[in-house]
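Q: Please take a close look at the metal site in this model. Which atoms form it, and what surrounds it?

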Amino acid sequence: MKKVGPTRGLGVRYGSTVRKRYVKVITELKKPHRCPQCGFTRVKRESVGIWKCSKCEYTFAGGAYTPVTKLGVVAKRAAKGAPVEETTKAVEAVESATDEETE
Ligand SMILES: [Zn+2]
C-alpha cells in the first residue's frame with residue numbers, strides 16, 4: 001500500500017510513532033509526578049519547565065513535559081564520554097522503564 005498526497009515524505013517522520021509519543025507526552029504531562037523533596041506524588045506542572053509540589057510547595061525546574069528529562073540522562077552519559085550507541089541504549093532503557101512504571 002502506497003500513500004500519496006500532502007503527507008507523502010513526512011509519513012516516516014510524523015507517523016504513528018510521533019502520535020504515540022505525543023499521547024505519551026500528554027499522559028506524562030497530566031499525571032502527577034513524585035516530588036524529589038517529600039516523596040509524595042503531588043508534583044504538577046506550574047508552567048513550561050517549572051514543577052511544583054502541592055504537598056510541600058517545593059518548586060523546581062525540569063523538563064517541559066516531565067520533571068526529569070531524558071536529555072539530562074543523555075547529557076550525563078555524554079559527559080562521561082559514552083559512545084552514541086551506548087547513549088541511545090540508555091535512553092531506550094529509560095523509556096522502557098517509564099513505560100513499566102504504573103501507579
Ligand atoms: Zn513535595
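A: Donors are N, O and S atoms within 2.8 Å of the metal. In this predicted model, the zinc ion has the SG atoms of C35, C38, C53 and C56 as its donors, at 2.2 to 2.3 Å. Along the chain, these donors follow the spacing C-x2-C-x14-C-x2-C. The arrangement is tetrahedral because the angles subtended by the four donor atoms around the zinc ion run from 106 to 113 degrees, and four donors count as tetrahedral if all angles lie between 85 and 135 degrees.

In soluble globular proteins, nonpolar side chains tend to be buried together.

The surroundings include an open sheet of three strands in the order β1-β2-β3, with antiparallel pairing. Its edge strands, β1 (43-47) and β3 (59-61), each pair on one side only. On average, neighbouring strands of the sheet are turned by 35 degrees against each other, direction ignored. Strand β2 covers residues 50-53 and is joined to β1 by four bridges, the two running antiparallel. Within this pairing, S47 has I50 of β2 as its bridge partner.

Definitions and conventions
Residues are numbered from 1 along each chain as its sequence is written. This is a predicted model: local features need pLDDT of at least 70, side-chain atom pairs count only at pLDDT 80 or more; totals for chains, interfaces and linings use all residues. Side-chain values use heavy atoms; hydrogens and water are left out. Two strands pair if DSSP finds at least two bridges between them. Axes are lines fitted to C-alpha atoms, for helices over the stretch in contact, and angles run from 0 to 180 degrees between N-to-C directions. Donors are N, O and S atoms within 2.8 Å of the metal (3.2 Å for Na, K and Ca); water is not among the atoms, so sites may look incomplete. Four donors count as tetrahedral if all angles lie between 85 and 135 degrees; four count as square planar and six as octahedral if opposite donors are over 155 degrees apart and all others between 65 and 115; anything else is irregular.
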